[in-house]
Amino acid sequence: MSHAKFIQIHSLHGYSATLLNRDDSGLSKRISYGGKSRTRISSQCLKRHWRVAKDINAIEAISTDAAAVRSRETVTRKVIQPLLDMGVDKDVVEAIEEQFQLAVYGEKGTSIKSRQPLLLGQPEITYLANEARQIAKGNLSSAEDAKKSAEEWRKKYRDNMKTLRSNCELPGGMASALFGRMVTSDVEANIDAAIYVAHAFTVHAEQTESDYFTVVDDLQQVEDDAGADHIGETELSSGLFYGYVVIDRDTLINNLGDDVSLAGEVAACLIRLIATVSPGAKLGSTAPFGYAGWMMAEAGERQPRSLAEAFRTPCEPTLDKAVSEIQKYIKQIDKCYGDHEIRRVMSFSQASEPDDKHVDLEKLSQWVAKAIQGDSA
């Protein structure tokens, strides 16, 4: 195999007494599977934590153009606020802001509540800030002239952004290159996702309980009313989660300006992030940090397929049992469809079958990088 078209990453993460991903009522997210309710972590939650991680594996550390911001206030805070900080007349700034909000966020851009949170890369943000500054400098004394200049700028906005994107390695930042971007106000700004992320779920039935807690007032005196100053209740869950991610090699390379070397570096970084970065609400009271106890990467040219079916029937909530179920299911797949993928495994489990394909995390990430770059032996 000269190169892998797809890299599939499977993982098992164990967490105890946490609230990793909440629904609109503040409870753990759930999904019914195989007739049993499972605790779930949404793909959006997982991607966000990988995207904003600030440790040694941070995506933004790969390239100076890797940073990106997802917000409905990017123009307000990153483009317009600097003008006010420079002392530009407020009326001039407001005239410029209206056109910039409309250009970036579309016809509903003037209303913050109507804007869609948009992911913009640092090169795009820098360009917008520079353009706004130039318009302001040329029209410091007239809000009317500033508005006219901004309107003229807006007419050329899409063409100029198209030129910027074609001449910039990561116009939308690394997050857009990996996870894609949809811009309703500018179709040509859309970016196809190169990383496909499934919702993680527990390999067993949900394990949750309601946690009753109290807050004691440190200044409360003995003669004051006894009892807690505040009483509350939250949900905690424990579980072993199966996660599944696919890297589309060709799309990733295309999104990175056809830089194959960078694509391999990014893929290796993603492997380390998946293994070590934990999602989690209530950080201060649950410390929801954990590393993957098992991880397998597959390189191949066939359409990817999840191993979630290994857990349609809930298994015992142990790593060894989950690994055994996965191995059993993989053998069934290979028997029916043929063994076409090349695999490498990192594992804590005693149930893992001993062979020369077991590696540590660093070797696993480098193997994936080579598979992306054209060597999947």
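Reader: What does the accessible surface of the protein come to, and what share of that surface belongs to carbon and sulfur atoms?

Author: In this predicted model, the accessible surface of the protein comes to about 18800 Å², and carbon and sulfur atoms account for 48% of that surface. Of the 377 residues of the protein, 49% count as buried.

Reader: What makes Arg 305 buried or exposed, and where is its place?

Author: The place of Arg 305 is in the loop between β10 (292-300) and α11 (319-337). Its relative accessible area is 17%, and buried means under 20%, so Arg 305 counts as buried. Leaving aside neighbours within four places in sequence, Arg 305 is in contact with Gln 8, His 10, Tyr 244, Glu 298, Ile 333, Glu 341 and Arg 343.

Reader: How many aromatic pairs does the protein have, and why is the pair of Tyr 15 and Phe 241 called edge-to-face?

Author: The count comes to 6 aromatic pairs. In one of them, the rings of Tyr 15 and Phe 241 lie 6.1 Å apart, centre to centre, with 65 degrees between the planes. Centres within 6.5 Å make a pair, and planes over 60 degrees apart count as edge-to-face, so both parts of the name apply to Tyr 15 and Phe 241.

Reader: What does the pair of Tyr 15 and Phe 241 tie together?

Author: Tyr 15 belongs to strand β1 (residues 6-18) and Phe 241 to strand β9 (residues 230-248), so the pair ties together parts that are 226 residues apart in sequence. Both Tyr 15 and Phe 241 are buried.

Reader: Why is the pair of Trp 153 and Tyr 157 called tilted?

Author: The ring centres of Trp 153 and Tyr 157 are 5.3 Å apart, and the angle between the planes is 55 degrees. Stacked planes are under 30 degrees apart and edge-to-face planes over 60, with the rest counted as tilted, so the pair of Trp 153 and Tyr 157 is tilted.

Reader: How do you know whether Trp 153 and Tyr 157 are buried or exposed?

Author: Trp 153 has 7% relative accessibility and Tyr 157 has a relative accessible area of 5%; buried means under 20%, so Trp 153 and Tyr 157 both count as buried.

Reader: What makes the charged end of Arg 115 sit over a ring, and which ring is it?

Author: The ring is that of Tyr 105, and the charged end of Arg 115 sits over it, 5.6 Å from its centre. The distance asked for is within 6 Å, and the direction must also be within 35 degrees of the ring normal.

Note on methods. Residues are numbered from 1 along each chain as its sequence is written. This is a predicted model: local features need pLDDT of at least 70, side-chain atom pairs count only at pLDDT 80 or more; totals for chains, interfaces and linings use all residues. Side-chain values use heavy atoms; hydrogens and water are left out. Buried means under 20% relative accessible area, exposed over 50%, partly exposed in between (1.4 Å probe, protein chains only). Accessible areas come from the Shrake-Rupley method with a 1.4 Å probe; for residues, only the protein chains shown count as cover. Helices (H or I, at least four residues) and strands (E, at least two) are DSSP runs, numbered from the N terminus. Contact means heavy atoms within 4.5 Å.
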